[in-house]
Amino acid sequence: MTIQVRPAAARGHANHGWLESRHTFSFADYFDSRQMGFGALRVINEDRVAPGGGFPTHGHRDMEIVSYVISGALAHKDSLGGGSLIRPGDVQVMSAGTGIRHSEFNGSNLEPVHFLQIWLLPERGGLTPRYDQKTFASEETRGRLRLVASHDGRDGSLVVHQDADLFATRLGANESAAYALKSGRKAWVQMVAGEASINGEKLVAGDGAAIEDEDALTLAAAADGAEALLFDLA
């Protein structure tokens with residue numbers, strides 16, 4: 001049994017004034033040969049964008065990009081003609097495939113936006129670019145693990161082109177969520193907010209946990225306001 005906690009304080013850090021970012025894995029100017037991802041999970045950046053700030057139009061290819069807003073509103077525009085505001089409860093998936101250009105800006109001139117930018121390696125290169133977004137009401141994730149992205153789009157989840165399932169949960173005091181991990185699979189838990197434990201290992205906001213050789217997982221909140229993502233990976 002192996003649960004290895006990646007502490008929030010150990011992450012890479014960049015502050016560009018308009019953007020403050022924490023990198024769970026190697027990204028941009030932050031490089032650690034021991035932190036190059038976990039399975040198909042390549043990037044988890046916790047970004048805070050100041051009012052009026054944002055990422056100007058730039059390109060991606062051959063990557064599955066998931067955006068998960070914690071607070072505020074993220075404005076998205078892309079070369080497919082798509083445009084939207086992403087708010088808490090919304091999950092966005094963008095398949096960069098053969099190439100896509102997009103911009104992401106804080107949707108408010110008054111409040112910061114706080115979100116997770118997640119990259120998954122695709123199952124193959126050269127896919128057709130696409131964009132999708134869905135709102136998951138708070139009651140869907142309260143007290144349970146709600147599937148929000150998957151390879152087959154089951155249970156109303158968004159599709160990602162990788163053998164991966166992504167679950168979101170919000171737990172109150174004394175609440176827990178159990179998950180059965182199939183043989184040969186591994187998991188990553190990213191603590192979004194609050195404090196909880198995974199099989200007894202304490203996690204606070206910003207911490208991650210790499211999990212291998214465990215068949216039963218229990219995520220238990222230490223107090224109200226716990227929020228986490230769980231990745232089930234090949």
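In this predicted model, strand 13 (residues 146-150) runs parallel to strand 14, the two being paired over two bridges. Within this pairing, Ser150 sits opposite Val159 of strand 14. Both strands belong to an open sheet of seven strands with mixed pairing, arranged in the order 1-20-17-22-15-13-14. The edges of the sheet are taken by strand 1 (2-6) and strand 14 (158-159); each has a single partner strand, so one side of each is left without a neighbour in the sheet.

Attention now turns to charged side chains. Side chains of opposite charge can pair when their charged atoms come close. Across the whole structure, 15 salt bridges are found. One of them joins Glu46 to Arg11, with 2.7 Å between the closest N and O atoms. This pair links distant parts of the chain, 35 residues apart: Glu46 lies in strand 4 (residues 41-49), and Arg11 in the loop between strand 1 and strand 2 (12-15). Glu46 counts as buried because its relative accessibility is 9%, under the 20% limit, and Arg11, at 10%, is buried as well. Together with Arg48, Arg11 and Glu46 are linked in a network of salt bridges.

A further salt bridge brings together the side chains of Arg130 and Glu64, at 3.6 Å from N to O. Arg130 is in strand 12 (residues 130-135) and Glu64 in strand 6 (residues 64-71), so this contact ties together parts 66 residues apart in sequence. Glu64 is buried, with a relative accessibility of 1%.

Lys202 and Glu195 also meet through their side chains in a salt bridge, at 3.7 Å from N to O. Here Lys202 is exposed, with a relative accessible area of 53%, while Glu195 counts as partly exposed at 31% relative accessibility.

How values were computed: Residues numbered from 1 in each chain as written. Predicted model: local features only at pLDDT ≥ 70, side-chain atom pairs only at ≥ 80, totals over all residues. Heavy atoms only, no water. Pairing = 2+ DSSP bridges. Helix = DSSP H or I, 4+ residues; strand = E, 2+ residues; numbered from the N terminus. Salt bridge = Lys/Arg side-chain N within 4 Å of Asp/Glu carboxyl O. Buried < 20%, exposed > 50% of the residue type's maximum accessible area, 1.4 Å probe, protein only.
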